[in-house]
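Hi,

Here is the structure I promised to pass on to you. Have a look at it first, and then read on for what turned up in it.

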Amino acid sequence: MPGMHRVLHDDFGYDAADFDLVKVADRLPSKLLIVHDAGDPEVPVGDAERLASARPDARLLVTERLGHLRILFGRPVLEAVAKLIGS
């Protein structure tokens, strides 16, 4: 992560804090589904919980054992996305 932060700052002029979704939560889509795995080794689940707190109208789906990437193809996630699109 420190290397990525350096590239964002040095090459593009961004600070990592510029990507804090909680700060822009009010500008996110009205139908907001936040999906996060409890055991994600890359991003702590607390980040998703903070975002959900900033947008009480959002739905937070916390999965288990899907990690950081497999979550994209997890059945509970696909079902939640289909339900969101269909509503």
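Predicted model: local features only at pLDDT ≥ 70, side-chain atom pairs only at ≥ 80, totals over all residues.

A salt bridge here is a side-chain nitrogen of Lys or Arg within 4 Å of a carboxyl oxygen of Asp or Glu.

First, the overall layout. The protein has 3 helices and 2 strands, and from the N terminus on they run α-β-α-β-α. Its C-alpha trace spans about 40 × 30 × 20 Å along the principal axes. Of the 87 residues, 25% are buried. The accessible surface comes to about 6400 Å², and carbon and sulfur atoms hold 60% of that. If you count the contacts with a separation of 6 or more, 61% of them are between residues 24 or more positions apart.

Now to the salt bridges. How many does a search of the whole structure find? The search finds 4. One of them joins the side chains of D20 and R50, at 3.2 Å from N to O. This pair links distant parts of the chain: D20 sits in the loop between α1 (2-12) and β1 (33-37), while R50 belongs to helix α2, 30 residues apart.

R50 also forms a salt bridge with D47, where the closest N and O atoms are 3.7 Å apart. Here both partners lie in helix α2, separated by 3 residues, or about one turn of the helix. Taken together, D20, D47 and R50 are linked in a network of salt bridges. Are its members buried or partly exposed? D20 is partly exposed, with a relative accessible area of 23%. D47 is partly exposed too, at 35%, and R50 counts as partly exposed at 40%.

Another salt bridge brings together the side chains of D57 and R55, at 2.8 Å from N to O. R55 lies in the loop between α2 and β2. Is R55 buried or exposed? R55 counts as buried because its relative accessibility is 8%, and the limit for buried is under 20%. Leaving aside neighbours within four places in sequence, R55 is in contact with A25, L28, P29, S30 and L32.

In soluble globular proteins, nonpolar side chains tend to be buried together. The largest nonpolar core in this model has 7 residues: A25, L32, I34, A48, L51, A52 and A58. Helix α2 (residues 45-54) gives the most to this core, with 3 residues. Among the core residues is A48; apart from its neighbours within four places in sequence, A48 is in contact with I34, H36 and L60. Another core, of 6 residues, lies apart from the largest one, and L33, L61, I71 and A80 are among its members.

One more residue to look up is T63, found in strand β2 (residues 59-63). T63 is buried, with a relative accessible area of 4%. Beyond its neighbours within four places in sequence, T63 is in contact with H36, D37, A38, I71 and V77.

Finally, a word on charge as a whole. The protein has 11 positive and 14 negative charges, and their mean positions are 8 Å apart.

Methods: Residues numbered from 1 in each chain as written. Heavy atoms only, no water. Core = buried A, V, L, I, M, F, W, Y, C linked by side-chain atoms within 4.5 Å. Buried < 20%, exposed > 50% of the residue type's maximum accessible area, 1.4 Å probe, protein only. Helix = DSSP H or I, 4+ residues; strand = E, 2+ residues; numbered from the N terminus. Contact = heavy atoms within 4.5 Å. Areas by Shrake-Rupley, 256 points an atom, 1.4 Å probe, with all protein chains shown as cover. Lys, Arg positive; Asp, Glu negative; His and termini not counted. Charge placed at Lys NZ, Arg CZ, Asp CG, Glu CD.
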